[in-house]
Amino acid sequence: MARWFIRFSAALFLLFFGVLFGMQQAHHGMERMRGYADPSFPSVIQIEKNGNGELEAAVFGQTVTASDLQEKQETIQELKTFNLFSELGRQFADAATAFMETLLSLVGRVFS
């Protein structure tokens, strides 16, 4: 019995550290796949000060200005599209809430 317990413990110990080693190897593989450890990749966002002291930002090499962002925000506000699924979900949630409140109040009246 003692010999079996020692073998079982050794196998368990070996498998546990095998899992830990595999997780570490997977982590390194994910870092290499994403490119975190690769210094040859350019940075995604570059922020620099120009001669006037203003900040210039570039995303993937394209410069972004405050007027561009304001135009996009105005465009989004003008759209104000109606989302059918969002409205249906909101109505379903309201109905479920009302149903549960009614059900719980009836149960409360019965047991009180």
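Modeller: Exposed means over 50% relative accessible area, and partly exposed lies between that and the 20% under which a residue is buried. The model discussed here is predicted.

Biologist: Why does W4 count as exposed?

Modeller: W4 has 52% relative accessibility, and the cut-off is over 50%, so W4 counts as exposed.

Biologist: Where do W4 and F8 sit relative to one another?

Modeller: W4 and F8 are four residues apart in helix α1 (residues 2-34), separated by about one helical turn.

Biologist: How many aromatic pairs does the structure hold?

Modeller: The structure holds three aromatic pairs.

Biologist: Why is the pair of W4 and F8 called stacked?

Modeller: The ring centres of W4 and F8 are 5.3 Å apart and their planes lie at 10°. Pairing needs centres within 6.5 Å, and stacking needs planes under 30 degrees apart, so the pair is stacked.

Biologist: What makes the pair of F16 and F17 edge-to-face?

Modeller: The planes of F16 and F17 are at 75°, with the centres 5.4 Å apart. Edge-to-face needs over 60 degrees, so the name applies to this pair. F16 and F17 also form one aromatic cluster with F13.

Biologist: How do you know that E87 forms a salt bridge with R90?

Modeller: The closest N and O atoms of E87 and R90 are 2.8 Å apart. The limit is within 4 Å, so the contact counts as a salt bridge.

Key: Residues numbered from 1 in each chain as written. Predicted model: local features only at pLDDT ≥ 70, side-chain atom pairs only at ≥ 80, totals over all residues. Heavy atoms only, no water. Salt bridge = Lys/Arg side-chain N within 4 Å of Asp/Glu carboxyl O. Phe/Tyr/Trp six-rings, centres within 6.5 Å; stacked < 30°, edge-to-face > 60°. Helix = DSSP H or I, 4+ residues; strand = E, 2+ residues; numbered from the N terminus. Buried < 20%, exposed > 50% of the residue type's maximum accessible area, 1.4 Å probe, protein only.
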